[in-house]
Amino acid sequence: MRKHAMALGGAGLMLGVSLLAVQAQELTGELPDPPAFAAQSEPTFVSISEIMEYKALPEYHEPDWVTSKYVDAGTLPPVAERLPEEPLVFKTANMPDGMGVYGDTLRHVIGGRPEGWNYIGGQSQGWGGIDIGLSECLTRTGPLFTVKADELEPMPNLAKSWEWSEDGHELTMHLIEGAKWSDGDPFDAEDVMFYWEDNVQDSNVSAVPSGTGTPERFGVDTTLEAIDAYTIKWTFKEAFPTQYLYAMAYDSFCPGPSHILKPEHPKYNADNSYDDYKNAFPPEFMNMPVMGAWVPVEYRPDDIIAMRRNPYYWKVDEAGNQLPYLNELHYRLSTWADRDVQAVAGSGDFSNLEQAESYVEALRRSAEETAPARLQFGARTIGYALRMNLSGNGWGEPDEREQAIRELNRNLDFRKAITIAVDRQRLGESLVRGPFTAIYPGGLYAGTTYFDKASTVYYPHDLEAANTLLDGLGLADTDGNGIRNLPDGGGDVEITLLANTDYGTDTNLAEGVIAQMEPLGIRVIASFQAGTARDDKAQSGQFDWAVERQGAEMVSVVQGTTMLAPTGPRTHPFHKAGTDGTVDLLPFEQELVDTVNAFIATSDNAERADLMKQYQRIFTENVYSVGLTQYPGALIVNKRFANIPEGAPIFMFNWAEDNIIRERVFVPADAQGDFELHPEMLPGAPGSAGPM
Ligand code: BQZ
């Protein structure tokens with residue numbers, strides 16, 4: 001039976017007594033240091049210029065079969081004509097195993113499912129690296145884990161160079177010239193402007209499946225214009241907001257093929273609805289034009305997506321060999337847990353080991369002499385938090401009960417009660433024992449660039465204090481059924497908890513939270529949904545609470561910066577604009593917004609570090625979200641692959657599928673497997689539907 005001041009008389013008396021008791025009682029404590037866990041390997045830090053450059057080379061090459069079967073047959077232009085004037089050149093000295101050879105397949109296993117190929121229209125292709133590979137972006141950040149800290153800036157990609165105006169309010173970007181989509185259509189500013197004007201700026205389009213393609217992601221009142229076919233110009237309110245160069249990388253500025261998307265967009269096609277536009281290219285549509293290294297040529301529902309090398313890919317090695325080295329990519333449509341199992345067993349080639357429950361078995365199997373795959377742990381960059389819907393003005397169209405819960409969510413004493421009722425040590429151990437998990441109080445992750453322990457407020461587990469706080473809020477069990485009631489004779493305090501059933505870790509942690517709320521007399525009801533449905537509910541505000549694995553903004557700060565606070569109506573993961581279009585910020589949230597905007601507006605490193613200390617203090621003091629646990633991920637890659645960079649994290653600025661630079665990965669000739677499903681096939685060739 002719970003012992004707390006609920007037994008006392010009316011709400012008023014309780015409010016007085018319990019608040020005094022709580023204020024007197026110090027709720028904060030010393031944050032335990034994470035158990036020592038050294039990442040198994042560290043990258044060699046380099047300059048971006050050591051990784052890549054744009055350069056015309058004296059000659060170019062391609063796999064022999066492309067020449068003999070296609071170029072010599074006249075169905076494909078010679079490789080030199082398929083490449084831009086100055087292709088992106090990856091430098092040999094930066095390739096861990098040097099220049100590669102053509103052949104073989106990278107067999108991914110993924111837990112998502114493709115909705116269709118309209119990435120910029122909001123469709124997911126099933127995650128697990130498939131969209132990362134298809135959707136090349138203006139800049140690139142995944143490989144930045146190897147770039148020297150004092151030279152950190154997004155890498156050029158589709159934008160090959162840029163310069164700021166004197167006053168820092170204008171950024172002129174130069175696009176790669178002469179690059180083509182995988183169907184041979186030229187890539188140019190028209191593609192960029194279609195993405196910006198008709199997807200990002202059009203609020204009827206949820207630009208990109210994670211919903212991050214929103215205008216304020218690039219700064220409030222920011223404008224973009226095309227100067228000519230290969231030049232675009234940004235205009236920003238702030239001076240020199242270099243931050244936004246990170247937003248121009250995956251996942252928020254990766255233009256789509258306007259030549260086939262525009263005719264489906266309602267602005268250009270009066271017969272089409274926005275749904276028609278979003279769904280215009282279903283998974284069955286093959287050879288979707290991409291700028292990525294591989295093109296979808298086969299789709300078998302719940303089985304596999306096979307992709308073949310893009311004959312117009314615009315990147316080469318220093319000998320002029322057109323990339324990628326790998327001819328084919330598979331995305332086996334399975335589960336995320338199965339991705340770990342197959343990578344360790346050798347029937348799959350790659351996994352981000354990120355579900356801590358699988359660690360011990362994966363480690364055991366990978367330690368065997370005959371293990372087919374290498375397993376390397378990185379830093380603790382995987383973190384989960386319990387996030388509360390903080391909208392009080394209608395985001396997600398709450399009913400009466402949901403609105404009452406949101407009002408509670410917006411109350412600091414309520415959030416404090418929840419955070420001190422959580423036993424983080426037990427939650428971490430429920431996933432895996434050993435030195436992996438660390439107590440995570442919320443906010444920026446320990447062990448990352450901007451983390452400052454002294455600025456981190458930690459509320460240790462204390463059930464009694466939690467109950468006292470709830471008493472103080474007038475949440476008494478007025479009907480004696482063991483569940484507290486909302487004030488003024490309200491119904492039971494019932495809270496729905498959203499979690500992603502695609503991951504055992506998400507639901508295990510959610511079930512742990514549900515159990516740990518029981519002694520508080522709060523009924524938490526599982527709302528466990530599969531990936532896309534969960535993502536939709538989370539993005540549309542249809543949740544009370546959500547247990548979520550957090551994004552890159554909590555790891556690097558510079559990636560996804562605008563998501564650190566509700567800097568715009570649709571930027572924040574758990575507080576977006578309500579029905580009147582405004583975000584009803586709580587006072588501390590306004591401080592967070594001001595701090596994040598100040599961070600974006602300055603390039604002074606000392607000032608940025610100080611601003612992030614302020615951010616961390618405000619965030620954790622106000623329990624912006626309830627941190628749960630933080631742990632390292634491990635990259636599992638089959639041993640036959642070469643050019644896997646040392647110390648590649650599964651998640652930092654982006655996921656490992658971007659970080660390892662797959663277009664440079666190869667399999668030495670004597671180690672190649674016989675896994676190609678479509679040997680010597682090019683996208684659009686006979687045997688694969690859709691246009692060339
Ligand atoms: C990695 C990643 C590559 C999305 C997705 C998935 C979606 C989220 C998140 C991860 C998967 C893998 O994560 O878990 O290891 O391969 O794909 O994109 O969780 O549901 O919406 O943000 O990236």
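**Ground rules**

I call a residue buried when its relative accessible area is under 20%, exposed when over 50%, and partly exposed in between, with a 1.4 Å probe and protein chains only. The model is predicted, so I take local features only at pLDDT of at least 70 and side-chain atom pairs only at pLDDT 80 or more, while totals for chains, interfaces and linings use all residues. Residues are numbered from 1 along each chain as its sequence is written, and side-chain values use heavy atoms, with hydrogens and water left out.

**Entry: Tyr60**

I started with Tyr60. It sits in the loop between β1 (52–54) and α3 (64–71). For element names I rely on DSSP runs numbered from the N terminus: helices are H or I with at least four residues, strands are E with at least two. Buried or exposed, I asked of Tyr60? Tyr60 counts as buried because its relative accessible area is 16%.

**Entry: the ligand**

Next I looked up what surrounds the ligand. I found 13 residues around it, and the closest are Arg339, Glu354, Tyr503, Asp535 and Glu657. To be near, a residue needs one heavy atom within 4 Å of the molecule or strand. By class, I count four nonpolar, four polar and five charged residues in this shell. My classes: Ala, Val, Leu, Ile, Met, Phe, Trp, Tyr, Cys and Pro are nonpolar, Asp, Glu, Lys and Arg are charged, and the others, Gly among them, are polar.

Which domains supply the shell? Domain 1 (48–377 + 635–671) and domain 2 (380–631) each give at least three residues. Those bounds come from an automatic or database domain assignment.

Then I checked polar contacts, meaning pairs of N or O atoms within 3.5 Å; within protein, one must be able to donate a hydrogen and the other to accept it, and residues adjacent in sequence count only if both atoms are side-chain atoms. Arg339 puts a polar side-chain atom 2.7 Å from a ligand oxygen. Glu354 also has a polar side-chain atom 2.7 Å from an oxygen atom of the ligand. For Tyr503, a side-chain N or O atom is 2.5 Å from an oxygen atom of the ligand. Taken alone, the ligand exposes 470 Å², and the protein buries 86% of that. Accessible areas are Shrake-Rupley values with a 1.4 Å probe; for residues, only the protein chains shown count as cover.

**Entry: the disulfide**

How many disulfides does the whole structure hold? My search turned up one. The cut-off is a pair of cysteine sulfur atoms within 2.5 Å. The partners are Cys137 and Cys254, with sulfur atoms 2.2 Å apart. The link is right-handed, with 80° about the S-S bond. It ties together distant parts of the chain, 117 residues apart: Cys137 is in the loop between α5 (130–134) and β4 (139–140), and Cys254 is in the loop between α7 (244–247) and α8 (258–261). Cys137 is buried because its relative accessible area is 4%. Cys254 is buried too, at 1%.

Background for myself: most residues other than glycine have a negative phi, and most peptide bonds are trans.

I noted a cis peptide bond between Tyr250 and Asp251, with omega about 10°. Asp251 is in the loop between α7 and α8. I noted a cis bond between Leu323 and Pro324 as well, where omega is about 5°. Pro324 belongs to the loop between β12 (315–317) and β13 (328–333).

On phi, Asp104 has a positive value near 75° and is not a glycine. Asp104 sits in the loop between β2 (88–90) and β3 (105–110), and it is buried at a relative accessible area of 1%. Ile661 has a positive phi near 55°. This residue lies in the segment after α20 (656–659) and is buried, at 3%.

Glu190 is in helix α6 (residues 189–200). I file Glu190 as partly exposed because its relative accessible area is 42%.

Glu676 lies in the segment after α20. At 22%, Glu676 is partly exposed. Its C-alpha is 32 Å from that of Met155, 521 residues away along the chain.
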